[in-house]
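Please keep both the sequence and the model in view while reading.

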Amino acid sequence: MAGFLTILTETLPAGLLLPIAASLSVSESMVGQMVTIYAIGSLVAAIPLVTLTQSWRRRPLLLLAIAGFAVANSVTSFSSHYGAIMAGRLVAGVSAGVLWALLAGYAARMVPPHQKGRAIAVAMVGTPLALALGVPLATFIGKLIGWRMCFAAMSALALLLMLWVWRKVPDVAGQAPGARRSLGAVLALAGVRPVLWMVLVFVLAHNILYTYIAPLLAGAGLAERIDVVLLVFGVSALAGIWITGVLIDRHLRALTIASHVVFAIAALLLVLVPVQPAPVMMYLAVALWGAAFGGVPTLFQTALDNAAGAAADVAQSMLVTAWNLAIAGGGLVGGLLLDRYGVQAFAPTVLGLVLASLAVAWLARPVVQPTPQALPSGR
């Protein structure tokens, strides 16, 4: 639910861009910066805040992060001042940076060691659900009852989630002062740097395509079917995370390599899509791309949890930073490619990036740190 809330808060301004711009009397590009400042908040806050709060108990920190969404979405819902809304969006981004750093390690500690990959997959299922169903549904509802009510509903959802976490989620102790690790020490752990490299390169490849999906589809004769194509992507991503959840605890490395191979095949199909309309090949490529990407967050987070052991939360904050750098890089690199070479440059670039990430996945070997006992159920 927290993942669902985070992704929906991040992406909803894009779906409601026109009514927000009209209501606030600002340009559409200024509304687009609501997404940008959210990403900036996550990018700059994840590592320092998670490092500073290593000794905090995990449940109060999780509740504080969720509360940030309740506050930020309430400000967005009720304020008519653009600056106040942007400040709220920055708070939401900071909360997201902390939340993403917490979720995987928290889920892994609640189950026996042989099930932690599946636990992370379950905890991460809100992400593809938000992309596949939440954003289109919220956008539709926003057009019916107004964009402010959508953000108010997300504030209410955050408050309900806080109550649920307080009542049902077991608490976890933070790091003892003597056990805390510096960023350099965590980065030096075997296996951490290869995972961060894969996150940066694989997610960069994904975001080049996802950010500029509209011009890419126009070249395949699907300019009017963006909603359908994104639905295909979302449903395929759900299938990918389901497969990952079933197999991850036994076949982490094989699934990571397979995700790269499937994404590479999708990119190769996009290379073969001619300039004239080719909708069937495009749908097939998008379906493979979605299936490859769906389980990747869980795969990378599980691999990083294995490599970092007790320092998992700090390592996950590095993942959050690398992920947001890749998001920003996707917009920048994709824009340069589009301006200089056109959409035909996307697929070869993406294929090269995926192969560079695949090389690291193939050469890297799994690292398993000692895992603490599973937490008892209840409070």
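This is a predicted model: local features need pLDDT of at least 70, side-chain atom pairs count only at pLDDT 80 or more; totals for chains, interfaces and linings use all residues.

Helices here are DSSP runs of at least four residues, numbered from the N terminus, and in that numbering Ser236 lies in helix H12, which covers residues 226–247.

**Helix H13 and its two partners**

- Two packed helices are described by the angle between their axes and the distance between the axes.
- Helix H13 (residues 252–272) packs against helix H15 (residues 296–308) at an angle of about 140 degrees, the two axes being 10 Å apart, and this angle makes H13 oblique to H15.
- The crossing of H13 and H15 is left-handed, and the residues that meet there are Leu252, Leu255, Thr256, Ser259 and His260 from H13 and Val296, Leu299, Phe300, Thr302, Ala303 and Asn306 from H15.
- Sorted by class, the contact of H13 with H15 holds 6 nonpolar and 5 polar residues, with no charged residues.
- H13 also packs with helix H17 (residues 346–363), here at an angle of about 165 degrees and with axes 9 Å apart; because angles over 145 degrees count as roughly antiparallel, H13 is roughly antiparallel to H17.
- H13 passes H17 in a left-handed crossing, where the H13 side of the contact includes Arg253, Thr256, Ile257, His260 and Phe263, and the H17 side includes Ala347, Pro348, Val350, Leu351 and Trp362.
- The class count for the contact of H13 with H17 is 17 nonpolar, 3 polar and 1 charged residues.
- Thr256 and His260 of H13 are among the residues that meet H15, and Thr256 and His260 are also among those that meet H17.

**The pair H5 and H6**

- Helix H5 (residues 82–109) and helix H6 (residues 116–123) pack at an angle of about 135 degrees with their axes 8 Å apart, which makes H5 oblique to H6.
- The crossing of H5 and H6 is right-handed, and its contact is made by Ala104, Ala107 and Ala108 of H5 together with Lys116, Ala119, Ile120 and Ala123 of H6.
- By class, the contact of H5 with H6 comprises 6 nonpolar residues and 1 charged residue, with no polar residues.
- An α-helix has 3.6 residues a turn, so residues three or four places apart point the same way.

**Helix H4**

- Helix H4 (residues 58–78) has 21 residues and reaches 31 Å from its first C-alpha to its last, close to the 30 Å expected at 1.5 Å a residue.
- Of the 21 residues of H4, 15 are buried, so this helix is largely enclosed by the rest of the structure.

**Residues within helices**

- Ser236 and Val343 are 107 residues apart in sequence, and their C-alpha atoms are 23 Å apart in space.
- Pro194 is found in helix H10 and counts as partly exposed, at 25% relative accessibility.
- With neighbours within four places in sequence left aside, Pro194 is in contact with Val360 and Ala364, while Pro194 and Gly342, 148 residues apart in sequence, are 32 Å apart from C-alpha to C-alpha.

**Residues in loops**

- Ser25 sits in the loop between helix H2 (17–24) and helix H3 (28–52), and with 66% relative accessibility Ser25 counts as exposed.
- Most residues other than glycine have a negative phi, whereas phi of Ser25 is near 60 degrees, a positive value in a residue other than glycine.
- Ser55 is placed in the loop between H3 and H4, counts as partly exposed at 36% relative accessibility, and is 120 residues from Gln175 in sequence but 4.6 Å from Gln175 in space, C-alpha to C-alpha.
- Leu189 is in the loop between helix H9 (183–187) and helix H10 (192–211), and Leu189 is buried, with a relative accessible area of 15%.
- Leu189 and Gly309 are 120 residues apart in sequence, and their C-alpha atoms lie 9.5 Å apart in space.

Methods: Residues are numbered from 1 along each chain as its sequence is written. Side-chain values use heavy atoms; hydrogens and water are left out. Helices (H or I, at least four residues) and strands (E, at least two) are DSSP runs, numbered from the N terminus. Buried means under 20% relative accessible area, exposed over 50%, partly exposed in between (1.4 Å probe, protein chains only). Axes are lines fitted to C-alpha atoms, for helices over the stretch in contact, and angles run from 0 to 180 degrees between N-to-C directions. Angles under 35 degrees count as roughly parallel, over 145 as roughly antiparallel, 65 to 115 as roughly perpendicular and the rest as oblique. A crossing is left-handed if the near helix is turned anticlockwise from the far one by less than a right angle, and right-handed if clockwise. Contact means heavy atoms within 4.5 Å. Ala, Val, Leu, Ile, Met, Phe, Trp, Tyr, Cys and Pro count as nonpolar, Asp, Glu, Lys and Arg as charged, and the others, Gly among them, as polar. The expected span of a helix is 1.5 Å times one less than its number of residues.
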